[in-house]
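Trainee: Could we go through this protein together? I would like to start with the overall layout and then turn to particular residues.

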Amino acid sequence: MKIASILKAKGASVATTPPDTTISTIVWELRSKNIGALAVSEDGATVLGLISERDIIHGLAEHGARLLGLRASQLTTRPVVTCTSEDSVTTVMALMTRHRVRHVPVVEDGKLRGIVSIGDVVKHRLDELEMEANIIREAYIARR
C-alpha cells in the first residue's frame with residue numbers, strides 16, 4: 001500500500017504556520033485543531049520545518065516559561081524527514097522508527113501535499129491486516 005491511499009482516506013489538508021508564529025499561538029492551534037504537529041512554511045507549500053508537541057516539550061525543558069514567547073523558527077525540527085505519496089506505508093513506518101518522528105510531511109515536486117502521522121500509518125496497517133484476515137477466513141470457510 002502507498003501513502004496516497006492514506007491521504008485519500010484522510011484528506012490532503014495540512015495545518016501550517018509561518019516561522020515567526022509564537023509558541024503560545026502554536027500551542028493554541030495544536031489544541032484547537034486536535035493535532036500533534038504543524039508544518040512551518042512561509043507560503044503553505046514549501047516546508048521549512050516541522051513543529052510538534054515533542055519539540056514544545058523539549059523547548060519547555062530548555063527554556064522554561066519564556067518558551068511561550070519564542071518563535072516557531074527557534075524550535076522547528078530541521079531537516080524534516082519527508083516522503084512522497086508513492087512511498088509504501090512500510091517504508092514510511094521504517095522512516096518514522098529510524099528518525100524517531102511521529103509526523104512525516106508528504107512532499108512532491110518541492111510542494112507540501114499532505115502529512116501522515118504515526119496514528120494514520122498504524123490505523124491503515126491495522127485495517128489492511130483485518131482485510132487480509134477476512135480474506136483468509138472466507139477462503140478457509142469456502143474450502144470446507
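Mentor: What follows is a discussion of a predicted model, from the overall layout to single residues.

Trainee: How many helices and strands are there in the protein?

Mentor: The protein has six helices and five strands. Read from the N terminus, the order of elements is α-β-α-β-β-α-α-α-β-β-α.

Trainee: And what box do the C-alpha atoms fill?

Mentor: Along the principal axes, the C-alpha atoms occupy a box of roughly 70 × 30 × 30 Å. Of the 144 residues, 36% are buried. The protein exposes about 8,800 Å², and carbon and sulfur atoms supply 54% of that area.

Trainee: What share of the contacts with a separation of 6 or more joins residues 24 or more positions apart?

Mentor: Such pairs account for 56% of those contacts.

Trainee: Let us turn to the strands. Which way do β1 and β2 run, parallel or antiparallel?

Mentor: Strand β1, residues 16-17, runs parallel to β2, and two bridges join them. T17, for instance, has V40 in β2 as its bridge partner. Together with helix α2, residues 23-33, these two strands make a right-handed β-α-β unit.

Trainee: How many bridges join β2 to β3?

Mentor: Four bridges join β2 to β3, residues 49-52, and this pair runs antiparallel. Within it, A37 stands opposite S52 of β3.

Trainee: Where do the side chains of β2 point, and are they buried or exposed?

Mentor: In β2, residues 37-40, A37 and A39 point one way while L38 and V40 point the other way. All of these residues are buried.

Trainee: What about R100, and where does it lie?

Mentor: R100 lies in the loop between α5 (89-99) and β4 (103-108). R100 also has a positive phi of about 55 degrees without being a glycine. Its relative accessible area is 62%, so R100 is exposed.

Trainee: Now the charged pairs. How many salt bridges does a search of the whole structure find?

Mentor: The search finds four. One of them joins the side chains of D120 and K10, at 2.7 Å from N to O. D120 belongs to helix α6 and K10 to helix α1 (residues 3-10), so this pair ties together parts that are 110 residues apart in sequence. K10 is partly exposed, at 39% relative accessible area.

Trainee: How far apart in helix α6 are K123 and D127?

Mentor: K123 and D127 are four residues apart, which means a separation of about one helical turn. Their side chains meet in a salt bridge of 2.8 Å, N to O. K123 is exposed at 52%, whereas D127 is partly exposed at 38%.

Trainee: And R125 with E128?

Mentor: The side chains of R125 and E128 form a salt bridge of 2.5 Å, N to O. The two are three residues apart in helix α6, again about one helical turn. E128 is buried, with a relative accessible area of 13%, while R125 is partly exposed at 28%.

Trainee: Lastly, which residues form a nonpolar patch on the surface?

Mentor: I118, V122, L126 and L129 form it, with about 310 Å² of accessible area together. L126 is placed in helix α6, residues 118-143.

Technical notes:
Residues numbered from 1 in each chain as written. Predicted model: local features only at pLDDT ≥ 70, side-chain atom pairs only at ≥ 80, totals over all residues. Heavy atoms only, no water. Patch = residues over 30% accessible without salt bridge, like charges linked within 9 Å, V, L, I, M, F, W, Y side chains within 5 Å. Areas by Shrake-Rupley, 256 points an atom, 1.4 Å probe, with all protein chains shown as cover. Buried < 20%, exposed > 50% of the residue type's maximum accessible area, 1.4 Å probe, protein only. Pairing = 2+ DSSP bridges. Right-handed = clockwise from strand over helix to strand, strands pointing away. Contact = heavy atoms within 4.5 Å.
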